[in-house]
There are 2 protein chains.
Amino acid sequence: MLLLRRGVFVLLSSPSPRAPLAKPLLPQRPPRTLAPTARQLVAMSAPAPTPAPSAGGAGTMSRDAFRAAVTNTLERRLFFVPSFKIYGGVAGLYDYGPPGCAVKANVLAFWRQHFVLEEGMLEVDCPCVTPEVVLKASGHVDKFTDLMVKDEKTGNCYRADHLLKDFCKDKLEKDHTLSPEMVQEYNRVLAILDDLSAEQLGAKIKEYGIVAPDTKNPLSDPYPFNLMFQTSIGPSGLSPGYMRPETAQGIFVNFKDLYYYNGNKLPFAAAQIGQAFRNEISPRQGLLRVREFTLAEIEHFVDPEDKSHPKFGDVSDLEFLMFPREDQMAGRSATRLKLGNAVSEGTVNNETLGYFIGRVYLFLTQLGIDKDRLRFRQHLPNEMAHYAADCWDAEIECSYGWIECVGIADRSAYDLRAHSDKSGEKLEAHEKFAEPREVEKLVITPSKKELGLAFKGNQKMVLESLEAMTETEALDMKAVLESKGEVEFKVCTLGKDVTIKKNMVSINIEKKKEHQRKFTPSVIEPSFGIGRIIYCLFEHCFYQRAGKTEDEQLNVFRFPPLVAPIKCTVFPLVKLEKFEVVAKKISKALTAAGISHIIDMTGNTIGKRYARTDEIGVPLAITVDNTISVTVRDRDSKDQIRVEVDEVASVVKEVTDGQSTWADIMWRYPAHTTSAADEEDAEP
Amino acid sequence: MLLLRRGVFVLLSSPSPRAPLAKPLLPQRPPRTLAPTARQLVAMSAPAPTPAPSAGGAGTMSRDAFRAAVTNTLERRLFFVPSFKIYGGVAGLYDYGPPGCAVKANVLAFWRQHFVLEEGMLEVDCPCVTPEVVLKASGHVDKFTDLMVKDEKTGNCYRADHLLKDFCKDKLEKDHTLSPEMVQEYNRVLAILDDLSAEQLGAKIKEYGIVAPDTKNPLSDPYPFNLMFQTSIGPSGLSPGYMRPETAQGIFVNFKDLYYYNGNKLPFAAAQIGQAFRNEISPRQGLLRVREFTLAEIEHFVDPEDKSHPKFGDVSDLEFLMFPREDQMAGRSATRLKLGNAVSEGTVNNETLGYFIGRVYLFLTQLGIDKDRLRFRQHLPNEMAHYAADCWDAEIECSYGWIECVGIADRSAYDLRAHSDKSGEKLEAHEKFAEPREVEKLVITPSKKELGLAFKGNQKMVLESLEAMTETEALDMKAVLESKGEVEFKVCTLGKDVTIKKNMVSINIEKKKEHQRKFTPSVIEPSFGIGRIIYCLFEHCFYQRAGKTEDEQLNVFRFPPLVAPIKCTVFPLVKLEKFEVVAKKISKALTAAGISHIIDMTGNTIGKRYARTDEIGVPLAITVDNTISVTVRDRDSKDQIRVEVDEVASVVKEVTDGQSTWADIMWRYPAHTTSAADEEDAEP
């Protein structure tokens, strides 16, 4: 699953669900010394945020100003709004309004095309309401927690690490009397923040005298708060359930059926798009850390002994920013690597993992993510679950820093084993051999008669212990029995050692013929936080350009046609019936072609209408200024061409379907020149 | 919102959310006599279920056998499976497997095209987690309940009406010693079941001696159980929330922003697709009554004084089965009506409601719903909320009876007013007059001085009562004051009458100029239960045909290409490398054209492969039996044509996109004849 628990670079290792033993914040972990680890050194050496690039005249804009300009446009044009606003809203819940909803639908449709259809994945759709037993098996019930402190008087809750972080940052920024020692101390705490245990966090909060920010009341000790929304299934109140914190579990519990559906063959991938829920203690960072969000997850099941991928060659020549573990630990920056080399040199663990990294790169850049602000960062050893073979996050840089938007993890056999153990249902695959294979097998054969004579009532427990020996233990015993004739043997269930004699057990390596191999498949899991990708896309596509007056800045989203919420507008140049008739005719043709568009019959100047639609990222505008041919205008270049009325819908379709670019089209049609005044006559 | 609370015809009026005052099961309603109402007579006269039609050789199949054959195929081919099966499952929760998920995605994509895109609706996407205040305003917190009884010893819960229904049905079916009076009694109870109050239900359960079905223990009195999944938002435990029981509320709370987005113009429609949740007491009927489901809802906001629709002419000639209130109450059946007449004759309340009825008809029949098993049933007076102007349900007949799948309701201004009142935010529209209008207004001007002299401390309450008079009351008072000089006037807040004299108040009709009109829009709400539609579609598309042997029945889903989970298969006729190369080439072309397909390289006979893909409703099969041209086979007719390899992807696209039908294509390409033996060589 996607972690989705960290926003910026310094928050790298906050709780990691389904990786219980790798979770740095678990209170049950033994307290460690506060010396920075290698990964923490990386965090400390992370470069200071650089201003977000911005096209047009706003190149020198600060990060905060840039973010304010984007989010102001997004909210004003209803890309998204806080949910339940008329009731004061709820932190961490947002609605997508019409253009945001259309962008989301386009992103998901492209995801289905790029992954499900092109890779022949098995898509499933499982409920959000999940019974406790499933999330008990996955580890979420016990381990999916954040550390929380409470205002001891009001009961208000805060994330313990956030309070400590805010305190240290505040000191460093505002207290100019700090000694060099204290500057170092606060920086060190910031760097190791995410690895602190509950006790260590509590101790620091006490040491610094941190109180509740709203009331200045004292705070409780930190304690774990489970981040799942709990509910009750059915009327009895006896069946606890949760709103799923990820979609992956729905796939794992269906493994057996899906494997059968795939003709009992590996590898295959299952996929799911759906809502997931996390009851954040104190949501921050707008659309990046929310309480309900859309995940798109893939579980690619593969033979652990063969992680090659037949289509790896299709992506091996791709070259992009990668940030391997070693470079992070050495304090170096991300560098451009060729994916083929990264796999062949062992930087990326295997071809299948590499293949998905490549496919994720193509997915994100085709959506409109700037490839220079996208990197694949490998997890450091202390970020990964103990069972994971390798993990890479697709991180996108935005005004909040580098944001984890896609997690691509080789989770080995952990999840299937966990559900197999809990449910008692065997979740495994088998490989039938073309020819039976001869294998050597250790066979332990206790002699019931001799054991009975020697141990009487304890016979059964001794026998079971002998049969449960590992191969090494058995071979060791065999050697001792052969040399000395007897051996001391600890029987756990009896709590004591017994003496085993040579005649009580025979231990042999035998050759056997096997017709198939049974195993638990490994799973490689690319997991996409759709809301995070969309927010980063908004930032990467946003720019401002000068309007009619020098002060005036016009907002533009340079969405590729693939994701643009509306593909095209139709404007009659002036209010004339004959133009409106043509506009309606074109609109009908666009609808028939399945092209989302708006038709604007208001009497506003054409410049105002362009500005209004540039601001929601409409790539093409058709202005009806003639009954035979019309003007088609490109959003970013503002170039205009003339196209026959009957042809215009198919030209628009060609560009918005991605068969042609605007540049291709430009060559085929006569240019149209407009008065500069009109174009720049923007809305106030 | 869609009621989604009733399955078969006799369950017509179980609880109706967001229609609190119309809910027949509310305990606070005064007990009524048990005499059947008009609507109940309809229920009693409902025709006995007729066997579900079934093509091919299974025409005489019983309803139950037909349903068993469909659901067996659906589960075996992973259209859907019970969720969390390896843990024993959870009643009322289902997963869509790969083909089911694809059908669902296709249905939703078509819904977006047919409604959102073609009607220019504003689509939004709001969270499932909803704070209590929103659902308090909508009435769900207080009124969205079913009546439940508990086993007094084990605590097991049952729906009170279900127990009573099962008891009566059981008696009628199995007890052959019943007196005619008791037969009449049980039938009467079945007919009025849904109108019984908690007290009445409890009395009947006691009278009949009904006990807990599992344990035979006594039962508690019936009491209301709220059907929403409750949870808690944030860590404090102080903010109760619910999983939304419908998506409509997310639209209502955004009315103001959406109205602004639409240029402050009416009418406009907003739409939302998303998950909804209902914690059913005891889910039944497979996919028809579940605890989590996908809704697609439209809220069309319109001026209550003008419910005409500019595009009504596009649907007015449609003719289909309608079941107006009068026909139901007179015990007649549904009849074919012309939609234009139904509106002009006032059977359907207004054009906009009629327009949506027509659009829903087109939507469902284009999906593949049999038009002869689809009817639009008008709500009876006691089914409708008091504020509703008119309601029609699209009901689809399946093996469970007539199932409500789409509700189309004119809900007047109820929902916006409820949120306006609760939030204090004005949710209204305004119409600016082209020219100011002169209106007559009643002006009541009490004389504070005279009232003060006469009533001293009570002055304020008398004054307020005078100002609160309706127009009629005021004009009556004016008349009496003018004739008699004084009048007795009841002041509710004082609890007594006072004498008002002529000098205490002046009442006049004055002329005023108004520049605009403010009003709360009416909302017309088509609400689609996507899972129910899909289940009915499965039944309508399923048929069996004879296989190789006489006993063998082959299952087929005759999905239209629009909804078929996979559009096409590619089979090399025999395992030959040159055929596999061609198959892969065709597969690549299909992927590029965005056509979902499967490529089956197994060595199975072509007949087996056809049977296997007919069973998941793949419309077209490409058999590679040549390197220049290939065979394309139609699922239902089994007709085959020959098409060039380079052309085949575009031919498939033409049919599956709906530009051409198979019949169109048949004329253009040479026919191919196959050996009958091969075609019928089906899988065992």
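1. Ground rules. In this predicted model, local features need pLDDT of at least 70 and side-chain atom pairs count only at pLDDT 80 or more, while totals for chains, interfaces and linings use all residues. Residues are numbered from 1 along each chain as its sequence is written, chains are lettered from A in the order in which they are written, and side-chain values use heavy atoms, leaving out hydrogens and water.

2. Symmetry. Chain B superposes on chain A by a rotation of 179° with 0.1 Å of shift along its axis, at RMSD 0.6 Å (least squares on C-alpha atoms of residues with pLDDT of at least 70 in both). The two copies are thus related as by a two-fold rotation axis. In chain B, the C-alpha nearest that axis belongs to B:Thr231, 2.5 Å away.

3. Extent. Contact (heavy atoms within 4.5 Å) links 70 residues of chain B with 70 residues of chain A. About 5,900 Å² is buried between the chains, 67% of it on carbon and sulfur atoms; this is the accessible area (1.4 Å probe) lost on being put together, summed over both parts. B:Ile86, B:Tyr87 and B:Pro235 supply 13% of the area that chain B buries against chain A, more than any other three residues.

4. Charged pairs. There are 4 salt bridges between chain B and chain A (a side-chain nitrogen of Lys or Arg within 4 Å of a carboxyl oxygen of Asp or Glu). One of them joins A:Asp257 to B:Lys85, with the closest N and O atoms 2.7 Å apart.

Note on methods:
Buried area is the accessible area (1.4 Å probe) that two parts lose on being put together, summed over both.
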